[in-house]
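Please look over the sequence and the model below before reading on.

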Amino acid sequence: MANWASTVTVVAIRDPGDGRVRATTVSSFAPVSLEPPEVVVSLNPNAQVLPFVREGGALGISLLAEDQQRWGKIFADSFPVGPMPWAAEGVPTIPDAIAALECRVVAIHATDGGSRLVVARVGRIVPGEGDRPLLYWRRAYHGLTDD
């Protein structure tokens with residue numbers, strides 16, 4: 001699957017108990033429906049957000065821009081450190097991503113490999129300043145070229 005190029009995406013959830021944000025980097029994100037607008041992300045069994053995903057819960061999805069490699073690396077780590085990009089309240093998304101999606105989880109499906117496919121309905125799309133996506137291909141981050 002290393003030959004599959006995909007947009008680097010950060011999935012984030014605000015814990016309703018303590019307000020802390022949990023986030024993880026994913027490369028398996030896809031739109032699945034236009035009406036109603038729905039997307040799917042695959043979370044591996046070790047994803048930091050997985051214990052907090054609940055049907056009906058809010059979910060923020062940020063599609064990273066080429067210059068946001070730092071966020072992709074930080075949230076690929078199981079224990080991210082340093083200053084975080086989240087607003088104090090609301091659905092957590094990363095500022096200046098090429099797009100931020102504020103969603104509600106509508107279904108969670110287990111796979112035989114232990115991952116979870118999370119289907120989420122998009123309530124709001126916030127277009128960002130970035131105009132070129134950050135891609136993950138052959139186990140590394142890449143940008144687009146105009147070749």
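What follows is a short briefing, grouped by topic.

The model is predicted, so that local features need pLDDT of at least 70 and side-chain atom pairs count only at pLDDT 80 or more, whereas totals for chains, interfaces and linings use all residues. Residues are numbered from 1 along each chain as its sequence is written, and side-chain values use heavy atoms, with hydrogens and water left out.

**Nonpolar cores**

- The largest nonpolar core has 20 residues, of which Val11, Leu43, Val53, Leu59, Ile61, Cys103 and Val118 touch the most other members; a core here is a set of buried Ala, Val, Leu, Ile, Met, Phe, Trp, Tyr and Cys residues joined through side-chain atoms within 4.5 Å.
- Two or more residues of this core come from each of the strands E2 (9–14), E5 (38–43), E6 (58–63), E7 (99–110) and E8 (116–127), and E7 gives the most, with four residues; helices (H or I, at least four residues) and strands (E, at least two) are DSSP runs numbered from the N terminus.
- A second, separate core is made up of 13 residues, including Ala12, Ile74, Trp86 and Leu134.
- Leucine 59, leaving aside its neighbours within four places in sequence, is in contact with Val11, Ala12, Ile13, Val91, Leu101, Glu102, Cys103, Val105, Val118 and Ala120, where contact means heavy atoms within 4.5 Å.

**Serine 62**

- Serine 62 is found in strand E6 and is buried, with a relative accessible area of 1%; buried means under 20% relative accessible area, exposed over 50% and partly exposed in between, with a 1.4 Å probe and protein chains only.
- The side chain of serine 62 reaches the backbone nitrogen of isoleucine 94 at 2.8 Å.
- Not counting residues up to four places away in sequence, serine 62 touches Val8, Thr9, Val10, Thr93, Ile94, Ala97, Ala99 and Ala100.

**Backbone geometry**

- Most residues other than glycine have a negative phi, and most peptide bonds are trans.
- Glutamate 35 and proline 36 are joined by a cis peptide bond, with omega about -5°, and proline 36 has its place in the loop between strand E4 (29–33) and E5.
- Arginine 138, although not a glycine, has a positive phi of about 50°; arginine 138 is found in the loop between strand E9 (135–137) and strand E10 (140–142) and is exposed, with a relative accessible area of 51%.
- Arginine 139 also has its place in the loop between E9 and E10, has a positive phi near 65°, and counts as exposed at 67% relative accessibility.

**Pockets**

- The largest pocket has a volume of about 600 Å³, a volume being the space filled by probe spheres set on grid points that are joined across faces, edges and corners.
- A pocket is an open set of points, on a 1 Å grid over the protein atoms alone, where a 1.4 Å probe fits, with protein on both sides within 12 Å along at least five of seven lines, and lining residues have an atom within 4 Å of a point.
- Lining the largest pocket are 27 residues, of which Thr25, Val26, Ser27, Ser28 and Tyr136 lie nearest its centre.
- Strand E3 (21–26), E5, helix H1 (69–76) and E9 each give two or more residues to this lining, and the largest share, four residues, comes from E3.
- The second largest pocket holds about 160 Å³ of space, and its lining residues include Ile13, Phe52, Val53, Val91 and Val105.

Terms used: A polar contact is a pair of N or O atoms within 3.5 Å; within protein, one must be able to donate a hydrogen and the other to accept it, and residues adjacent in sequence count only if both atoms are side-chain atoms.
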